[in-house]
Amino acid sequence: MAQQAYVTETDSGGSEPDRRASGLRRLNRLVSGWRGDPHIWRRGIVLAAVAVVLALVMGLHARIPNAIGNLGSLTETFLPWLGLLIPVLVLLGLVRKSATALIAVLLPAVVWLNLFGGQLSDKTGSGGDLTVATHNVNADNTDPAGTAEDVAASGADVVALEELTADAVPTYEKALASTYKYHSVQGTVGLWSKYPLSGVRSVDIQLGWTRAMRAAVTTPAGQVAVYVAHLPSVRVKMEAGFTARQRDKSADALGEAIADEPVQKVVLLGDLNGTMNDRALRAITAQMRSTQGASGSGMGFSWPASFPMARIDQIMVKGIEPMSSWTLPETGSDHLPIAARVKVDTSAS
């Protein structure tokens, strides 16, 4: 008689209750390993000290002096990234089995959340009566026509472009002509608008050549003064630190021009080569609101396009309500374009 073999198939992964119980047992073993250990408070003192220093650097970043290599501005430019040290300290504290280190790590965690936790939430709203966009198109851009079309596809009513070269300007003008009836190019910056422009002029930001402009845009919701600016670049050099003296000087000049603006509703579009945390931009940031900070989702980093680490491209407003703010897809530039929807007519707010 032939014998028939029966094979019972089992779930090699185990049932969900079994996996949960297994996880609880591993956690219990970890806790048990710490229980009764007299050294958990003595180990990791150095890690705890590092955590405290990290908390102080983030919490007191405004006190870090700029006298030596603009160290304060450099720290503030990449301030959000200091938060990456927190999980590293937690991991090292676990490896060292140090209760002191793990408790100390709570300090920088709380400080980071206080500084940037609000940016992790989605503050995007609906409505608005004007969409604006800005993009540093990169002087070495090999596809200016494609870049212009990508920015126009955002649906923006007003578009600012920075780092325009004389050779590329005709290409941008041709690519944007069908969407934007009005435009003006001043030096290396330009403004394209679906609505009439008036009072167009360059803005002196103490450079010796034109990298900023101003124009009044007559929108259906009212007149808006629009500033376009490309502040000088900064460099990090081993021998000189964070070299930003010319950028800082130009920021002060731009802030003064905006403060003297007679039109009550103002939009600033451009590459400021600095973040909202950078004290060197205080002449601007003290009087204007960032659309990303007020109505964006996430950090909104814009540079470098291949791996964004900082938001140095800015849309800022005064006398206008930000409704939403976002980053546009990558183009042929080393910067990402950014856009915002704002409410010019705030009478009903």
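Student: Which residues in α2 meet α6, and which in α6 do they meet?
Tutor: This is a predicted model. In it, A51, V52, L54, A55, M58 and G59 of α2 meet L107, P108, V111, W112 and L115 of α6.

Student: What sort of residues are those, nonpolar, polar or charged?
Tutor: The contact of α2 with α6 has 10 nonpolar residues, 1 polar and no charged.

Student: At what angle do α2 and α6 pack?
Tutor: Helix α2 (residues 45-59) and helix α6 (residues 106-116) pack at about 20 degrees, and their axes are 8 Å apart. Angles under 35 degrees count as roughly parallel, and α2 and α6 are therefore roughly parallel to each other.

Student: Left-handed or right-handed crossing?
Tutor: The crossing of α2 and α6 is left-handed.

Student: Switching to aromatics. How many aromatic pairs are there?
Tutor: The count comes to 3 aromatic pairs. One of them is W81 with F307, with ring centres 6.3 Å apart and planes at 35 degrees, so the pair is tilted.

Student: Where do W81 and F307 lie?
Tutor: W81 is in the loop between α3 (71-77) and α4 (85-96), while F307 is in the loop between α11 (291-295) and β12 (313-318). The pair therefore ties together parts that are 226 residues apart in sequence. W81 is partly exposed, at a relative accessible area of 26%.

Student: Which residues form a cluster with W81?
Tutor: F301 and F307 form one aromatic cluster with W81.

Student: And W112 with F116, how are their rings placed?
Tutor: Their ring centres are 5.6 Å apart and the planes are at 50 degrees, so the W112 and F116 pair is tilted. Both residues lie in helix α6, 4 residues apart, about one turn of the helix.

Student: Are W112 and F116 buried or exposed?
Tutor: Both W112 and F116 are buried.

Terms used: Residues are numbered from 1 along each chain as its sequence is written. This is a predicted model: local features need pLDDT of at least 70, side-chain atom pairs count only at pLDDT 80 or more; totals for chains, interfaces and linings use all residues. Side-chain values use heavy atoms; hydrogens and water are left out. Axes are lines fitted to C-alpha atoms, for helices over the stretch in contact, and angles run from 0 to 180 degrees between N-to-C directions. Helices (H or I, at least four residues) and strands (E, at least two) are DSSP runs, numbered from the N terminus. Angles under 35 degrees count as roughly parallel, over 145 as roughly antiparallel, 65 to 115 as roughly perpendicular and the rest as oblique. A crossing is left-handed if the near helix is turned anticlockwise from the far one by less than a right angle, and right-handed if clockwise. Contact means heavy atoms within 4.5 Å. Ala, Val, Leu, Ile, Met, Phe, Trp, Tyr, Cys and Pro count as nonpolar, Asp, Glu, Lys and Arg as charged, and the others, Gly among them, as polar. Rings of Phe, Tyr and Trp (its six-membered ring) pair if their centres lie within 6.5 Å; planes under 30 degrees apart count as stacked, over 60 as edge-to-face and the rest as tilted. Buried means under 20% relative accessible area, exposed over 50%, partly exposed in between (1.4 Å probe, protein chains only).
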